[in-house]
Amino acid sequence: MKKHNFSAGPSILPQEVFEKAAQAVLEFNNSGLSLLEISHRSKDFVAVMEEARALALELLGLTSKGYQALFLSGGASLEFLRVPYNLMTQHGKAAYLDTGTWAAGAIKEARQFGDTVVVASSKPDNYTYIPKDYAIPADADYFHCTSNNTIFGTQMHSFPEIGIPVVCDMSSDIFSRQLDFSKFDIIYAGAQKNMGPAGTTLIVIREEILGKTGRQIPSILDYKQHIDKESMYNTPSVFAVYTSYLTLQWLKNNGGIAAMEKKNDAKAKLLYNEIDRNPLFKGTAKPEDRSKMNVTFLLKDETHTEQFDKIWKAKGISGLNGHRSVGGYRASIYNAMPIKSVQVLVDAMQELEKTVLQ
Ligand SMILES: Cc1ncc(COP(=O)(O)O)c(C=O)c1O
C-alpha cells in the first residue's frame, strides 16, 4: 500500500511523475534506449533541458525579464558557496538573515570570502520565529535569506524591499506560493523537496548582476559559464533534471503556482487548526511565522509518544518524526501531498485524543 509520506526531503512527488520517470528509465521517448544510457547531448535530452529551463521561468513569471534558469549539481549546499563566489566583491561585504540551520550553513560559507554581516538571528530562540526589524547595510553586495525553514517550520511571509541584489534559498517552498519573483536576483532550490528527486538544484539568476566581483572564478563555480553552456557545462544529473521537468509539467497542467497555493493554504489550515484545537498537541513555531510546507508540533505530554506513534503508523503514515534539533513531529506537506493524507494525520491526532481523554 502506498504510504502517506510526510518526509521533509527527499519527499513525495506526484504519482504520475513517478510513473513517467520509471517508464523513461525503461525506455525513453520510444527510442529503444533508457533515459540513463543516452548522451546528455542527444537531441532528446537537450530538448528536456531546454524545456525544463523555460518552464521554470514561465511558472515563476520570469520569462523575458533578463533571467536564466540552470539545473546544476552539488545540492543547495553548493550554492551557499557559489553565491558569494559570484557576487561578493574583493573587499566588499554581504548581508545574511539567520533563520535556521540552512541559513547558518550559507553564512558559514560566505565568511570564507569576506565581511559577512548577520543582520538578525533567531538562533537564541531555537529559530522559532523570523526576525522582522533589522537594518541591511546599503553598501552590501547582496542580501541573502532562506524563505522557508525546513527544520524549524517557519516561513518568511514578507521580504524586505531594498536597493541591493536579493538572493533567496527557496529549497523547501519553491513553486508553493505566489510571490513577485522579479524582486529576487538569485533564487536557488534543491530539487528534492517540491520539485524532483535529489541530484539537481534549480538556480534562477538575473543575468545582469553577474561579472562584477573582479574575482577569478573556477569554471564549475561560475554561473556565467553555466549560462553560456546552457546548463551543460558538465554532465547534468539527467534523471533528476528529467523528473523535475515532469513535475514542472504536472504543475503547469494543474493550474500552476496559483492553484498550488490554494491547495497548500487549505492543507496548512486543516493541520494547524487541529494542532491548536487538540488539547494534546502544540505547535513549535510562532503562529505568524508558521510554515505552510513544514508543520512542526509536539505532544504536550511526551508519555503519549508511543501510543501516538502506533496510531499514525497503523494508518500508513510515514516520515512524521521531527528533526533531531526540534524533536516531536514534522509534517511536510509539499505540493504533491493530497489534502486527504493531511486528513488521515488529523484523524490520527483525534484518535489519540479520544483514547487518552475518554
Ligand atoms: C532550506 C534548505 N536549504 C538547503 C538545504 C540543503 O540542501 P542540499 O542537501 O541539497 O545541499 C536544505 C536541505 O534540506 C534546505 O531545506
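Me: A salt bridge is a side-chain nitrogen of Lys or Arg within 4 Å of a carboxyl oxygen of Asp or Glu. How many salt bridges does the structure hold?

Reply: This is a predicted model: local features need pLDDT of at least 70, side-chain atom pairs count only at pLDDT 80 or more, and totals for chains, interfaces and linings use all residues. Residues are numbered from 1 along each chain as its sequence is written; side-chain values use heavy atoms, leaving out hydrogens and water. Side chains of opposite charge can pair when their charged atoms come close. The number of salt bridges in the structure is 17.

Me: With which residue does glutamate 16 form a salt bridge?

Reply: Helices (H or I, at least four residues) and strands (E, at least two) are DSSP runs, numbered from the N terminus. The closest N and O atoms are 3.7 Å apart, and the partner is lysine 20.

Me: How many residues apart are lysine 292 and aspartate 265?

Reply: Lysine 292 and aspartate 265 form a salt bridge, with the closest N and O atoms 3.0 Å apart. Lysine 292 is in the loop between strand 11 (281-283) and strand 12 (294-299), aspartate 265 in helix 7 (residues 256-277). The pair links distant parts of the chain, and the separation is 27 residues.

Me: Is glutamate 353 buried or exposed?

Reply: Glutamate 353 meets arginine 277 in a salt bridge of 2.7 Å, N to O. Glutamate 353 lies in helix 9 (residues 339-357) and arginine 277 in helix 7, so the pair ties together parts 76 residues apart in sequence. Buried means under 20% relative accessible area, exposed over 50%, partly exposed in between (1.4 Å probe, protein chains only). Arginine 277, at 41%, is partly exposed, whereas glutamate 353, at 16%, is buried.

Me: Which strands stand at the edges of the sheet?

Reply: The open sheet of three strands has the order 11-12-14, with antiparallel pairing. Two strands pair if DSSP finds at least two bridges between them. Each edge strand has a single partner, so one side is left without a neighbour in the sheet: these are strand 11 and strand 14 (329-332).

Me: At about what angle does helix 7 run to strand 12?

Reply: Axes are lines fitted to C-alpha atoms, for helices over the stretch in contact (heavy atoms within 4.5 Å). Angles run from 0 to 180 degrees between N-to-C directions. Helix 7 lies across strand 11, strand 12 and strand 14, and its angle to strand 12 is about 15 degrees.
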